Amino acid sequence: MKINRRHLCGITLLVGLGMTACQGGSEEAEQVVNLYSARHYDVDEQLYNEFTEETGIQVNLLEGQPDELIERIVGEGEESPADVFIAVDAGRLWRAQEAGILQPVESEVLDSTVPENLREPSGLWYGLTTRARMLVYNVDNVQPAELSTYENLASPEWEGRVCIRSSSNVYNQSLLGSMVESIGAEATEAWAEGLVDNFARDPEGGDTDQIKAVAAGQCDVAVVNHYYWARLAKSDDAADQEAVAKTALFFPNQGDRGTHVNISGMGLVAGAPNPENAIAFMEFLVSPEAQEVFAESNNEYPVAEGVALDPVVSELGDFKVDATNVVTYGRNNPKVNEIVDRAGWE
Ligand code: FE
């Protein structure tokens, strides 16, 4: 876990040395919200500072890997100072829910801002931003008209041409969880088998590596989150620019259920010592100003309507979003693990 020096005072509290160390000589108890976050971009912190300026509530930030943070909150039990938990990927928010570390929030603001499919129905967690899991193709070897759906990647014409990262990756697990929900477990398994048969190589690397493999002609099509491509498109590095020139993104399943999206999201921790501050903070994070910063920091789509997109993301165009509720990604996860095992997808 990484401790942020700019918030050292708050971190002191979090590691249990006691709040008095933080208060200096101040007479009144400081208003705080303790954030355990598995998402980190520099601009996120700017945003937390803005919240403090607006409300006087200090944000104490503890960063870590999502599973580590969940374990830590479980371990701290009733003593946990955690108020808000932030994670990337609905599958991880589901794990937090299953671990019993979240409690439902009742908030008009959150319910009216975050679309129904992007939040846990009882209010245990809410989406902050969305990311589209798209097809990326080699522009010399593939015509966009040859592309259609995720399902189509399992058909014989793609034999030896598909790249995708490991099935243990949570983005793929969530994609398959959504497919189990939409087309059923049997069809998802048949698809996974066909996909594995079409692999150009054994799964390796992250999404950026898949884009580079497509650009290099190692494979003709891959499945990646849109922001990895957007990140390369904004890079000054010549190799990144070349990879972008050789590839393009495609929104699959536009003729039926829509393109699978995942979220980064947040939940109120069960037993949060500062629940009112926590809810104010969560509501702030879906405000237009915060949504713009949040989305821009990782080239994502805001959950709130009417918020400007990053220009590179905006150029990808409008698309139909698969409205399958994000909760199903985690709920179907046990089935997904069986499916990928049987399909031999490493
Ligand atoms: Fe990512």
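**Strands, an iron site and salt bridges**

Tutor: Let's start with a pairing in this predicted model: Val162 stands opposite Val221 in β7.

Student: What makes β6 and β7 a pair?

Tutor: Two strands pair if there are at least two bridges between them. Strand β6 (residues 162-163) and β7 have two bridges, in the parallel sense, so they count as paired.

Student: And which strand runs antiparallel to β7?

Tutor: That's β5 (residues 126-138), joined to β7 by five bridges. Tyr137 stands opposite Val221 in β7.

Student: Why is β7 called mostly covered?

Tutor: Five of its five residues, 221-225, are buried, and buried means under 20% relative accessible area. Both faces are involved: Val221, Val223 and Asn225 sit on one side, Ala222 and Val224 on the other.

Student: What makes Tyr171, Tyr227 and Tyr228 donors of the iron ion?

Tutor: Their OH atoms coordinate the iron ion at 2.0 Å. The cut-off for a donor here is within 2.8 Å of the metal, so they qualify. Along the chain, the spacing of the donors is Y-x55-Y-Y. Tyr171 in helix α7 and Tyr227 in helix α10 are 56 residues apart, so the pair links distant parts of the chain. Both Tyr171 and Tyr227 are buried.

Student: How do you know that Asp140 and Lys246 form a salt bridge?

Tutor: Their side chains come to 3.2 Å, N to O, and the limit is within 4 Å, so the contact counts. Asp140 lies in the loop between β5 and β6, Lys246 in the loop between α11 and β8, so the bridge ties together parts that are 106 residues apart in sequence.

Student: What makes Glu338 and Arg342 a salt bridge?

Tutor: Their closest N and O atoms are 3.9 Å apart, which is within 4 Å, so the pair passes. They're four residues apart in helix α16, so about one helical turn separates them.

Student: How many salt bridges does the structure hold?

Tutor: It holds 17. Arg39, Asp44, Arg131 and Glu300 are linked in a network of them.

Methods
Residues numbered from 1 in each chain as written. Predicted model: local features only at pLDDT ≥ 70, side-chain atom pairs only at ≥ 80, totals over all residues. Heavy atoms only, no water. Donors = N, O, S within 2.8 Å, 3.2 Å for Na, K, Ca; no water. Buried < 20%, exposed > 50% of the residue type's maximum accessible area, 1.4 Å probe, protein only.
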